[in-house]
Amino acid sequence: MTTVLIVEDTPANMKLAVFLLQTAGHTVISTTDAEAALTLARDEKPDLILMDIQLPGMDGLEATVLLKRDDATSAIPVIALTALAMKGDEERIRAAGCDGYIAKPIRYKDFLETVAAQLART
């Protein structure tokens with residue numbers, strides 16, 4: 001069984017992502033802010049992190065940079081959850097260390113396929 005950490009501050013998005021992941025058989029841990037995500041990632045060692053980019057306080061890209069710099073969490077794949085789907089956004093997301101991204105609004109088939117593909121790589 002795989003464990004996925006979701007970092008998402010919008011309740012509806014969180015509810016949908018948790019539902020989809022649990023339905024697919026994953027164990028889900030979640031938080032609404034980046035600072036807590038850093039701690040959870042170090043303590044829980046999830047198999048995958050789904051990181052919202054636009055978070056209050058520290059944003060998801062900054063948190064991803066910190067995760068990738070930390071030996072304890074650098075190997076955990078991070079997929080950005082983002083409404084940022086403009087030209088150049090993917091490059092910024094990848095430059096921060098994200099291993100992929102899922103555009104919002106979430107389309108459940110794309111969401112589950114992206115998660116499964118990333119978990120198959122690890």
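Thr 31 lies in strand 2 (residues 27-31), where helices (H or I, at least four residues) and strands (E, at least two) are DSSP runs numbered from the N terminus. The model is predicted: local features need pLDDT of at least 70 and side-chain atom pairs count only at pLDDT 80 or more, while totals for chains, interfaces and linings use all residues. Residues are numbered from 1 along each chain as its sequence is written, and side-chain values use heavy atoms, with hydrogens and water left out.

**Exercise 1.** State whether Thr 31 is buried or exposed, and list what it touches.

Solution. Step one is the cut-off: buried means under 20% relative accessible area, exposed over 50%, and partly exposed in between (1.4 Å probe, protein chains only). Thr 31 has a relative accessible area of 10% and is buried. Step two is the contacts, that is, heavy atoms within 4.5 Å. Leaving aside residues up to four places away in sequence, Thr 31 touches Leu 5, Ile 6, Val 7, Glu 8, Met 14, Ala 36, Ala 37 and Leu 40.

**Exercise 2.** Find the salt bridges that involve Lys 104, and place each partner.

Solution. A salt bridge is a side-chain nitrogen of Lys or Arg within 4 Å of a carboxyl oxygen of Asp or Glu. By this rule the count is 6 salt bridges. In one of them, the side chains of Glu 8 and Lys 104 meet at 2.9 Å, N to O. Glu 8 lies in the loop between strand 1 (3-7) and helix 1 (11-23) and Lys 104 in the loop between strand 5 (100-103) and helix 5 (108-121), so the pair ties together parts that are 96 residues apart in sequence. Next, Asp 52 and Lys 104 form a salt bridge at 3.0 Å, N to O. Here Asp 52 belongs to strand 3 (residues 48-52), and 52 residues separate the two. As for accessibility, Glu 8 is buried at 1%, Asp 52 is buried at 3%, and Lys 104 is buried at 18%.

**Exercise 3.** Name the salt bridge partner of Arg 42 and say which parts of the chain the pair ties together.

Solution. The partner is Asp 70, with the closest N and O atoms 2.7 Å apart. Arg 42 lies in helix 2 (residues 34-44) and Asp 70 in the loop between helix 3 (60-69) and strand 4 (78-82), so the pair ties together parts 28 residues apart in sequence. Arg 42 counts as partly exposed, at 36% relative accessibility.

**Exercise 4.** Describe the largest nonpolar core.

Solution. A nonpolar core is a set of buried Ala, Val, Leu, Ile, Met, Phe, Trp, Tyr and Cys residues joined through side-chain atoms within 4.5 Å. The largest has 22 residues, and Leu 5, Val 7, Ile 49, Met 51 and Leu 67 have the most contacts inside it. Two or more residues come from each of strand 1, helix 2, strand 3, helix 3 and strand 4. Helix 2 gives the most, with 4 residues. Apart from this core lies another, of 17 residues, among them Met 14, Val 18, Leu 48 and Val 115.
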